[in-house]
Amino acid sequence: MGSRPEPDTHSATAPGGMPWSDNFLLGYEPMDAVHREFVQLVDQLLRSADVDLYERLESFERHAQAHFSEERRLMESTQYPGSECHIDEHNAVLASVNQVLPLLKAGRTDIARSLVAELARWFPQHAQYMDSSVAQWLVRRATGAYPLVFRHRDAR
Ligand SMILES: [Fe+2]
Ligand SMILES: [Fe+2]
């Protein structure tokens, strides 16, 4: 499998959606589980027919609300330093989704598709820089050690 040429799956322009990559793993299982769901929902949005886009974007909005408020709770309940810009990023994503939903309802699938492509671009960076710091913080508090991440050999 490892020798097969692969497209750049971190790019929003990758054909066929947004496959999960073990490079997204943070080593804190509750966050990793939520992130699998995030990637799955964005993948479904990228592959969606126009007729299903609205319902899927609504599902994504519900996921994002829960995902972001849980991370906020984890940060605030442990006095995580620097939660402010992390929460700002979450809020910006939610604001964009809530802005686009009524436009999509009015038929602007083009705007919805741009948003979805932007979500696919946003997530790997957010997970790598912001969420991974939170995961390390939580694991270190609990165990005194950095999280261990086991990735498949051909993880991209
Ligand atoms: Fe997250
Ligand atoms: Fe986050």
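**Figure 1. Confidence along the chain.** The mean pLDDT (the predictor's confidence in each residue, from 0 to 100) of the chain is 89, and 88% of its residues reach 70 or more. Over residues 1–14 the pLDDT is below 50, and beyond near neighbours in sequence this stretch has 15 contacts in the model; a contact here is a pair of residues whose C-beta atoms, placed from the backbone, lie within 7 Å. Where pLDDT is low, the predicted coordinates should not be read in detail. This is a predicted model, so local features need pLDDT of at least 70 and side-chain atom pairs count only at pLDDT 80 or more, while totals for chains, interfaces and linings use all residues. Residues are numbered from 1 along each chain as its sequence is written, with chains lettered from A and ligands numbered from 1 in the order in which they are written.

**Figure 2. The whole chain, end to end.** Going from the N terminus, the elements run α-α-α-α, and the tally is four helices and zero strands. Those are DSSP runs numbered from the N terminus: H or I with at least four residues for helices, E with at least two for strands. Of the 156 residues, 22% count as buried. Buried takes 20 or more other C-beta atoms within 10 Å of a residue's own, exposed takes 12 or fewer, and partly exposed is in between, with C-beta atoms placed from the backbone. Among contacts between residues at least 6 apart in sequence, 70% join residues at least 24 apart.

**Figure 3. Helix α1 and its buried side.** Helix α1 covers residues 29–46, 18 residues in total, and reaches 26 Å from first C-alpha to last, close to the 26 Å expected at 1.5 Å a residue (the expected span is 1.5 Å times one less than the number of residues). Its buried residues are Met31, His35, Phe38, Val39, Leu41, Val42 and Leu45. They sit on the same side of α1 because they cover an arc of only 165 degrees around the axis, the arc being that of the directions from the helix axis to the C-beta atoms. Turned away from that side are the exposed Glu29 and Ala33. The cover over the buried residues of α1 includes α2 (50–77) and α4 (109–143).

**Figure 4. Inside the largest nonpolar core.** This core has 29 residues, and Val42 and Val116 have the most contacts inside it. Such a core is a set of buried Ala, Val, Leu, Ile, Met, Phe, Trp, Tyr and Cys residues joined through C-beta atoms within 7 Å. α1, α2, α3 (83–105) and α4 each give two or more residues to this core, and the largest share, eleven residues, comes from α4. Leaving out residues up to four places away in sequence, Val42 touches Met18, Val116, Leu119, Ala120 and Phe123.

**Figure 5. The bend in α4.** At Ala127, α4 bends by about 45 degrees, the angle between axes fitted to the seven residues ending there and the seven starting there. Ala127 is itself buried, and other buried residues of α4 include Asp131 and Trp137. The buried residues of α4 pack against α1, α2 and α3. Following α4 is Gly144, with a positive phi near 80 degrees.

**Figure 6. Two loop residues.** Gln79, in the loop between α2 and α3, has a positive phi near 50 degrees without being a glycine. Most residues other than glycine have a negative phi. Gln79 counts as exposed because it has 9 C-beta neighbours inside 10 Å. Gly107, in the loop between α3 and α4, counts as exposed with 10 such neighbours inside 10 Å. Gly107 and Tyr54 are 53 residues apart in sequence, yet their C-alpha atoms are 9.6 Å apart in space.

Conventions
Contact = placed C-beta atoms within 7 Å.
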